[in-house]
Structures are given as structure tokens and as C-alpha cells.
Amino acid sequence: MKKAFRYILIVLLVAFIIMQFFQPKKNLGILSTGKDLFSQVYVDDSIKLLLETSCFDCHSNHTNYPWYGQISPISIFLNKHVTEGKEKLNFTEWQSYPDKEKISNLVDIYDEVEGGDMPLESYLKIHKDAVLSEHERDLIMSWAEKEGLVLLNKKEE
Amino acid sequence: MKKLILTPLLTFLLIVFLASFTFQKQNSDKNEKTAGITMVSNEFPENVAKILKVHCNDCHVSTSKSDKAKKKLSFDKWNDLNMLKKTGKLNDIIEVVKEGEMPPEKYLNHYPDKKLTEEQTKTLVKWAEETMDSFKE
């Protein structure tokens, strides 16, 4: 019985070590691509900082990984989150979205931040600096609304 | 002696349990109906309202059990949205309907007849595009 237990433990350990050689591709791209949000739209520095701290880890081409983000299977789990986040909204690719999609995204930003659904709770547990105060939430919401109205009132693209 | 008490007690509990279910069912039926009525009286054209009522309204109403769905969009609260939000939502509708993301697959597995036909998809997309264009004028 004891032998079997030891055997399982060794197999698990070996599996864990082998796993470390299979890491997902890291999200460590360049942020200023010329197509990113900040390179073509003027965004106030205070908003810029908030978006960078609270949203960019999953919604841009560059993630600031925590140390344990290098360890599999955590790295795989993180990678999945980042991929999903970028699929929904990627601030680095902002200018490649058609205007209507930009509006959709801005409305989603407004709603998600207002409802407290974003940043994700699981993310906030680890990233205390990403927690948004009520005032900060208001700042992001009014920015999103203002930006959306600019696009809405723009003459045909 | 113990059995003598236990059997009626269990039967009683079972009846209460079952009764609570039928009660809930009635309640939710009622909710669906009222939601449907509010919706039609909204600013949707009749052909669109018909589709929304059957294919979307099980989840996208403020009385929905799915928090995620109702937060994202509640059709009975459509009139409360401003032009900006409507534009955002209309664009989302076009996207998810065209891509076949909505109604979601899991839901369709249970209710295969809720799938949108090509005709219905076209109707929704056309309405969404026209409504967005009307905001521009």
C-alpha cells in the first residue's frame, strides 16, 4: 500500500517536471504599434494609467506576468484567460476595429465597469493595485461614454 | 413505532416539495407572459418582436434567471437605453447572430427549434442595421 502511494507520487512529480517544458507562448508583444488605442486617440493620462493597470494584462498584447505565471499548469490557465480577453477586446489592436465595433466595446466597458464585472474578481484577488475605486470607475465610465459619443456623432466613415 | 411516524412525515414532506415546484413553475410562466407583452408594446417592429420573443426572450429579459444574459441585454428594458448603448447592442446583435453564437449551442441542444433560420437572421440584421442608420440622421 505504501509502495503504491510512493509510486503514484513519483509519477505525478515526473509529470509535473515534464509539463514545465511545454509552456504556452507568452503574451509579451509591443504596446505602441501605431494601431493601439493611445497612438491615435488622445486619452487623458489618468485614464491611461487606469486602463494600463486594471485592464491591459488581459486586453492588450503585453501581459505583466507574476512569478508563478511561469509555472505549468498555472501558465496554461493564465494563457487561456489572456487569449479570451484579447479576443473580446484588445487595446493594442484598437484602431483596426470598425467604428461600430469600437462603440460596442466602449458600451461594454461602461457596463462591465459599472456592474463591477470587470476587472474579474479572481484577478483582483491577486492584483490589489488593479482594484478600481468608485471614483476611478466613474472616470473610466465617463471616458467610455464620451469617446463613444464622439464616434456616434461622427459623419459616415 | 418509529415507522408509524416517519412514513406520514415523509409523505407530507414529499407533497410540500412537489407543490413548491408547481408553484414556481406557475410563477415563471406568468413572468414570461408579462415580459412578452411588454416587449411587443416596445419600439420593435412586429416581425422583429416575434423573433425576439421566441428566440431570445427566454434569457434576455430583466426577469431572466441568467444574470449574465440579462445584464448584457434585456429586451424589455430596451427603451431605457440611450442611442449610444443601443448602437453598441445592435452591433453586438448583428455579430452574434451572424456568427451563430446566439442563441447559444447549449441552449439549442435543449431547444433545437429555437435556432434562428436564415430568414430570421436576415430580418434581425436588417432591422439592426436600419435602426443604427436612423440614429445617424
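Predicted model: local features only at pLDDT ≥ 70, side-chain atom pairs only at ≥ 80, totals over all residues.
In chain A, helix H6 (99–114) and helix H8 (134–153) each supply at least two residues of the side that touches chain B. Of the elements on that side, H6(A) gives the most, with nine residues.

The contact also holds charged pairs: the count between chain A and chain B is five salt bridges. One salt bridge joins Lys89(B) to Asp108(A), whose closest N and O atoms are 3.9 Å apart. The contact as a whole draws 19 residues from chain A and 15 residues from chain B. About 1,400 Å² is buried between the two chains, and carbon and sulfur atoms give 50% of that area. On the side of chain A, the residues that lose the most area to chain B are Lys100(A), Val107(A) and Leu152(A), which together account for 36% of what that side buries.

Chain B itself contains six helices and zero strands, and its pattern along the sequence reads α-α-α-α-α-α. Of the 137 residues in chain B, 34% are buried. Among contacts in chain B with a separation of 6 or more, 54% are between residues 24 or more positions apart.

Ser54(A) belongs to helix H3 (residues 45–54). Ser54(A) counts as buried because its relative accessibility is 6%, and buried means under 20%. Leaving aside residues up to four places away in sequence, Ser54(A) touches Pro119(A), Tyr123(A), Ala130(A) and Leu132(A). With Ala130(A) there is a polar approach as well: a polar atom of the Ser54(A) side chain lies 2.8 Å from the backbone oxygen of Ala130(A).

Phe16(A) presents another setting. Phe16(A) lies in helix H1 (residues 2–19) of chain A. Its relative accessibility is 39%, so Phe16(A) counts as partly exposed; this class runs between the 20% limit for buried and the 50% limit for exposed. Phe16(A) is one of the residues of a nonpolar surface patch, together with Ile10(A), Leu13(A), Val14(A), Ile17(A), Ile18(A), Met19(A), Phe21(A) and Phe22(A). The accessible area of this patch comes to about 930 Å².

Definitions and conventions: Residues numbered from 1 in each chain as written. Chains lettered and ligands numbered in written order. Heavy atoms only, no water. Patch = residues over 30% accessible without salt bridge, like charges linked within 9 Å, V, L, I, M, F, W, Y side chains within 5 Å. Areas by Shrake-Rupley, 256 points an atom, 1.4 Å probe, with all protein chains shown as cover. Salt bridge = Lys/Arg side-chain N within 4 Å of Asp/Glu carboxyl O. Helix = DSSP H or I, 4+ residues; strand = E, 2+ residues; numbered from the N terminus. Buried < 20%, exposed > 50% of the residue type's maximum accessible area, 1.4 Å probe, protein only. Contact = heavy atoms within 4.5 Å. Buried area = accessible area lost by both parts, 1.4 Å probe. Polar contact = N/O pair within 3.5 Å; in protein donor to acceptor, adjacent residues only side chain to side chain.
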